[in-house]
Amino acid sequence: MIPSAFDYERATSVDDAVARLAAAGGAGKLIAGGHSLVPLMKLRLNEPGTLIDIARIPELAGVREVDGAIEIGAGTVHHAVATSDLLRARCPVVAETAATIGDPQVRNRGTLGGSIAHADPAADYPATLLALDAEVRIQGPRGARTVAARDFFQDLFTVDLAGDELITAVRFAPVRTAAYAKLYQRASRFAIVGVAAALDVAGGTVRSARLGLTGALSHAVRLTAVEEALAGRPADADSVAAEAARAGDGLSDLNADIHAGADYRRAMVGVFAQRALRAALARG
Amino acid sequence: MSAAPVLPKLVGERVKRREDPRLVQGHGTYVDDVKIFGLRHAAFKRSDVAHGRIRSIDTGAAEAMDGVEAVFTGTQIAEFLDPMPIGTPFPSPEHRAVATDVVRYVGEPVAVVVAADRYTARDAADAIVVDYETRPAVVNPEVAMTGHPTVIHADFDNNLAVPLVPSGTGVSPDGKTVDDSVVDKAFADADVVVSQRMVNQRLAPTAMEPRGVVAHYERGKGTMTVWSSTQNPHILRTFVAKLNGMGEDEVRAIAPEVGGGFGAKINIYGEEYVVSALSKRLGLPLKWTEDRSEAFLATIHGRDIIGYVDIAATRAGKVLGLKLRLIADVGAYNMLLTAAIPTLTMLMANATYDIPAIRTTLTEVFTNKTPTDAYRGAGRPEATYFVERGMDMLARRLDMDPAELRRRNFIPADRFPYKTQMGAVYDSGDYAKALDRALGNAGWQELQRERDAARAEGRLVGLGLAMYVEVCGLGPSASLPTGGWEHSQVTVERDGRISATTGASPHGQGNETTFAQMLADQFGVPFEHVRIHHGDTGVVKQGIGTFGSRSQAVGGTALHLAGAKVREKMAKFAAALLEAHEEDLVFEDGRISVQGSPDTGKSFAEVAAYAYVPVPLPAGLSPGLSEEAFFEPANNTYPFGCHISMVEIDRDTGELALLRLVAVDDAGNLINPLIVEGQIHGGLAQGIGQAMIEEVRYGGDGQPLTGSFMDYAIPRAADLPRFELDATVTPTPVNPLGAKGVGEAGTLGSTPCIVSAAVDALSGFGVTHVDMMLRPEKLWQIIHGGQA
């Protein structure tokens, strides 16, 4: 539980962080809350040469409204997301998701950017960002770029983020009729299965639906088959839930570990898809 | 008539723990806080294979690192350190603190580094290269018993640490002759027999503070001071002195604040021997602090015992006989008490019932896992679990209310002291009273109606009930190789303040508070004027330690006796000052005065001052007010209780929610009900944890799968309901306080009552037993018939 030796620097701005990351070459690693990175360092599974601390860069923190969208700075801690009045009013699923992460200590240190950059297959945020069709905003030595969440999460601990880049924010159009439901792993409180559902409901009909799934596969994905089946259906809880009951059926290569086997996870995808959809509709 | 005393009597009151302000504010001093000029740091290289022969160890790179002062392999350490002692009479394989040739579990030390700081020490340990010739590993005790695929210790055929020990009805005291006729007849006469294999799974104690040790050998004086996160510094002193070839007078052991023990810190561990031996050899102060990863591997585990339970009964629910065949997985080695812990499971097989015929057998098996030893309850929760789950199955078979079945089999309150088939003599008990109180508090019949109504709606709601009796207040010296007494010294200081020492070494039990309550009452002085010292063999002359729920029953009694001696002597001084008869004196409100005329008295401090400058010295008295007492109980104590739970299982996910936990515990007289409740809360949390979420898992190759809190769950406050506690009071005749002990009680009843509640909830699916832990997937598979 003692990391190997490393250098430590504190970045004062996004540009400063990018510059320091470039200067460190491949040995540099960003740290914000450290709640994914530090445990790996303690186990010596990750041994960065230089830690560049981005936890105190003002422009990285906060939840704000930008051009009708909501933007959350990558350095915003989970607690701030969970308690954001803006999110609770306009897009409660995000606050709800953050509130399920870890415990109070984790939520007061861990950051949104750290969580999605690490991309634990059981992390909560990715499901919700997928359901919101969020974009991930990235800054690097080649300038700024934006990646859709559905393209960002690529594989186990693998995202579309170069070693010299940092995530600055996520941005999404707020959806009120959205909810997140998860089956807790009782030790880590990560998701054995977590499903976020966002619905566009008009005139008693589901115009479109987006569902993000985490915990079940190597990385978070959209449940597109369910989304297609739901489009155009009546927006009542029972018919929506019926469509989602077998949401896990088409999935392959489900995760299996000491906490849950693949068959159980597959069944839970259906259960939690239904729960997320029912909760989303209840917000309508 | 004198006025009512101003100072309230404190014994029996809910006094807040005086330990807490310093602990919750971060002002406690733990082992890792100990700093000494010139302190060096140790790190252990540990085996990452479960079973293998060490072909070679290359320490070259480690030794070459800046700041590394020495590296020792197991073979080098064996040159100056004897094998680890054990505290039980069972034959045991040689156990080196650092392995010399064969490693037998993941986490076993193979080398140790001494360096200028702990970071360098850790880096150097990583730089040691060990080449293993791996051997097959075995992690399942029932496989290990066949001797295949491997034999872990050469002299222990079929990996049997203890081949088979019988106990109970018809077994001679020496265990050599066994007459099965009574037990066989009980089963032959039975209308029904329920039989079940049950697993009481392996748990990790997970104290908030991992272990740690600092050893400081002072060459000039030839003395050693050892700070350790231990439950029993005096036992530590004995063993550390012995293994270092020193006298007990030359070693001082200190247990500063100890952040949880749960039985795991009774043991004297290899790290304590190695760090002390290296400090002596190198002439340097040396520290080792266990990290959390090490704690999961290298601190003992608890439980891990399989029970084959058979209960024979009449149709009317009278239990005629019990068979309990136990197979204990003790891991790779015998530690201090390892082999003895499962014998406590045998000892308590009679439970709260008047069972006329019992046969238990115990087999202990080595596997390639971390050694087991005492963990909160230590053998008694296992006994309670096996018998209570068996009784629950019997009630279900007979279609009888589980409370009624218990009632028909209780040892009646007028039969105490009661000698069990297992040879225990239960001191006192009133089991029906505890049951009735719990049933009343829970609203048992109403709960049954609620459950039935919920079921009619399709909800999976269940009720569970468990009785328990445990053996506490350990114990007469005949039952403990360390001695079963406790020691205390009480001193009235020159200024009238009171200092007392206790050999019970509290580490969360709150004895600084409860013992001060007792002395404040005994001397009629303010609570704030009494201080309890503990955990330092340089301050506390003698002691055994705190385990087996003994600190109040045994340590508290020693304190009481020492206090009585001082009070008697102080009364003599006061009598001389007041020209009164000592038997007419009262100690009250900080004064000693003649009964009925408080104004004539002297302040407590005045009498104390006189005792230290006794001019004139009363005839027959020596100066001073300091007396000590050893207390050896004539028997153990046997606290008991009844726990009831209500659970609901989510039909879709298999998740189990604990809706209610009603506990009635009888620990005899209570010194401080608030602290007692705190102890029960903690015990319940750990008992509930075992039922629901805790389990140490290994892969078939002996690799641990639950090596961190990311995979090993312990209950959080949010996982637990509001506990509904109550107490009945059945004092013990074993000590003058009438106190039985309560530290472990919570872990006994809660575990089986929750499993029984889960089985009740799932009874519609034809289930009669589910092994712990009650993992959602397991329950979901039952509900969904194994459907994929």
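## The three-stranded sheet of chain B

In this predicted model, helix α17 of chain B (residues 604-612) lies across strands β23 and β24 of chain B, and its direction makes an angle of about 45° with that of β24(B). The sheet to which these strands belong is open, with 3 strands in the order β22-β23-β24 (chain B) and antiparallel pairing. Because β22 (585-588) and β24 (597-603) of chain B each have a single partner strand, they form the edges, and one side of each is left without a neighbour in the sheet. On average, and with direction ignored, neighbouring strands here are turned by 35° against each other.

Between β22(B) and β23(B), the latter spanning residues 591-594, the antiparallel pairing extends over 4 bridges, and Glu588(B) stands opposite Arg591(B) of β23(B).

## The four-stranded sheet of chain B

Another open sheet has 4 strands in the order β18-β26-β27-β28 (chain B), and its pairing is mixed. Its edges are β18 (460-469) and β28 (723-727) of chain B, each with a single partner strand, so one side of each has no neighbour in the sheet. Neighbouring strands of this sheet are turned by 10° against each other on average, direction ignored.

Strand β27 of chain B (residues 656-666) runs parallel to β28(B) and is joined to it by 5 bridges; Ala663(B) has Leu725(B) in β28(B) as its bridge partner. Helix α14 of chain B (residues 444-456) lies across β18 and β26 (640-649) of chain B, running at about 150° to β18(B).

## The contact between chains A and B

The contact involves 15 residues from chain A and 20 residues from chain B. On the side of chain A that touches chain B, helix α12 (residues 262-282) of chain A gives the most, with 4 residues, and by class this side has 10 nonpolar, 3 polar and 2 charged residues.

Notes: Residues numbered from 1 in each chain as written. Chains lettered and ligands numbered in written order. Predicted model: local features only at pLDDT ≥ 70, side-chain atom pairs only at ≥ 80, totals over all residues. Contact = placed C-beta atoms within 7 Å. Helix = DSSP H or I, 4+ residues; strand = E, 2+ residues; numbered from the N terminus. Nonpolar A, V, L, I, M, F, W, Y, C, P; charged D, E, K, R; others polar. Pairing = 2+ DSSP bridges. Axes fitted to C-alpha atoms, helices over the stretch in contact; angles between N-to-C directions.
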